[in-house]
Amino acid sequence: MSVNESQKSFSRSVAEGVFWASAFATATKFTGFIITLLIAARLSLQEYGTYQLVLAAFGLLAAFLIQGLDAVVIAEAAKAYKAGEQARLNSLLKGMFLFKVVPSLVLACLAYFASSLLAGRYSGDVLSLLRLMCVLFAIVPLQSLVTIMFSIKRNFFLLSSMSLVEDSLKLVGIVVLVVIMGYRVDGVIISTAAAGVLALIVFLLIERPSFAFLAPSVSVKPFKETVLAQGFWSVGSKFFQQFQRNFRPFLVQMMLGREAVALFSLAEKLFNHIVSLVPMNDVLVPAVSAESHDADRMKRVMERGLKYSVPFFAVLAVMAGLVAQPFLALFFKQYLPSLPLFYILLVYVPLSGWANFLTSFYLSHRQQHTAFFLILARCLLFFLLAPICIHFFGLVGVAVEYSFNFIVYQFMRYFVL
């Protein structure tokens, strides 16, 4: 294949991936909007805050699922798949699958049994509801396998559709359990857990993995080498990242109360809808990793990424800012106090696309050790600034710290890179 044909193939692959990712992301956001509308209409501020704390508790436990390895394995597996190195690919799949099984089962048992033991001493309602989500821990190994297979084959259509299918199933569950049968927070949690399981079954039937990689003859040595070289840093990075994100709601509850959790969570949810409208990471990580040997092309990718993503996401931020007030006034009047928080969060949006390019570069060039120290610095900045900002500025201070921390973190990554 000539250089021009190779570049065309790469560009076309990325373009198709971004197209499908964007199309399904738009549909997913619309489905998520309907879900949020139904939940907000049925739950009080107190109940919505409880729901967000359950998700945060789940996220804190999920931080121990060594999820930081996923992107590393996808990057390495994409290279092995393109080079036709089937033995190395099988090693990566086997090691990843087995590496996920033990912690996922331990956390599933912990969420089911320990929640009832601790409920009398710590946030009993939150822990009791967390028990309903224990099955989501058990299915993590299979979810990771499906995601890796879709990613390395650059099947961006199926990869991008996974969130839409899961959210659609969740929407059906909420309509049945919450709207029709009158369940409250427990109905939303059950719908969330059931949707995750059913979506996994759908994509397992589509992919139909053979599990031949689990044969005793398959060595896990290449996987061990990958873990020793990059795994510690990547796992540590993901752990601190998740811990910080999911600890924030509990800090807000401790300092401002559960209704404050609901207000900030809605503002953050709207913010995340904007920055994830074009889920570029799903496309960039495997695509950039497969071409990381071409330094000139990578330089052009970074330059174009910075040139086009910043103005594009800046326009999105402006549009979101214009429609936020009438949107909340029409659908979520009780959440209007969260509007200033959303405006502050929008300050970061223009850099969000550029951040995706930075992430793909760190992964493809195996700079996880550098990324770890940058995320650790970001986590320390959170623990330093968040209590101070909340103390002096109240709920607005949560958004100030959130945006400032994100912006500082991206510039640190850029200058270090």
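1. Buried would require a value under 20%. Please keep in mind as you read on that this is a predicted model.

2. Now for the rings themselves. The structure holds 22 aromatic pairs. In the pair formed by Phe-243 and Phe-247, the ring centres are 5.7 Å apart and the planes meet at 10°, so this pair is stacked. Ring pairs also join Phe-243 and Phe-247 into a cluster with Phe-239, Phe-240, Phe-372, Phe-373, Phe-382 and Phe-383.

3. Do have a look at Phe-271 and Tyr-348 as well, which are both buried. Their ring centres lie 6.1 Å apart with the planes at 50°, so the pair is tilted. Because Phe-271 sits in helix 11 (residues 258-275) and Tyr-348 in the loop between helix 14 (339-345) and helix 15 (352-364), the pair ties together parts that are 77 residues apart in sequence.

4. Finally, two arginines deserve a glance. The ring of Tyr-112 has the charged end of Arg-131 sitting over it, 4.1 Å from the ring centre. For Tyr-409, the charged end over the ring comes from Arg-378, at 4.8 Å from the centre.

How values were computed:
Residues are numbered from 1 along each chain as its sequence is written. This is a predicted model: local features need pLDDT of at least 70, side-chain atom pairs count only at pLDDT 80 or more; totals for chains, interfaces and linings use all residues. Side-chain values use heavy atoms; hydrogens and water are left out. Rings of Phe, Tyr and Trp (its six-membered ring) pair if their centres lie within 6.5 Å; planes under 30 degrees apart count as stacked, over 60 as edge-to-face and the rest as tilted. Helices (H or I, at least four residues) and strands (E, at least two) are DSSP runs, numbered from the N terminus. Buried means under 20% relative accessible area, exposed over 50%, partly exposed in between (1.4 Å probe, protein chains only). A charge sits over a ring if NZ of Lys or CZ of Arg is within 6 Å of the ring centre and within 35 degrees of the ring normal.
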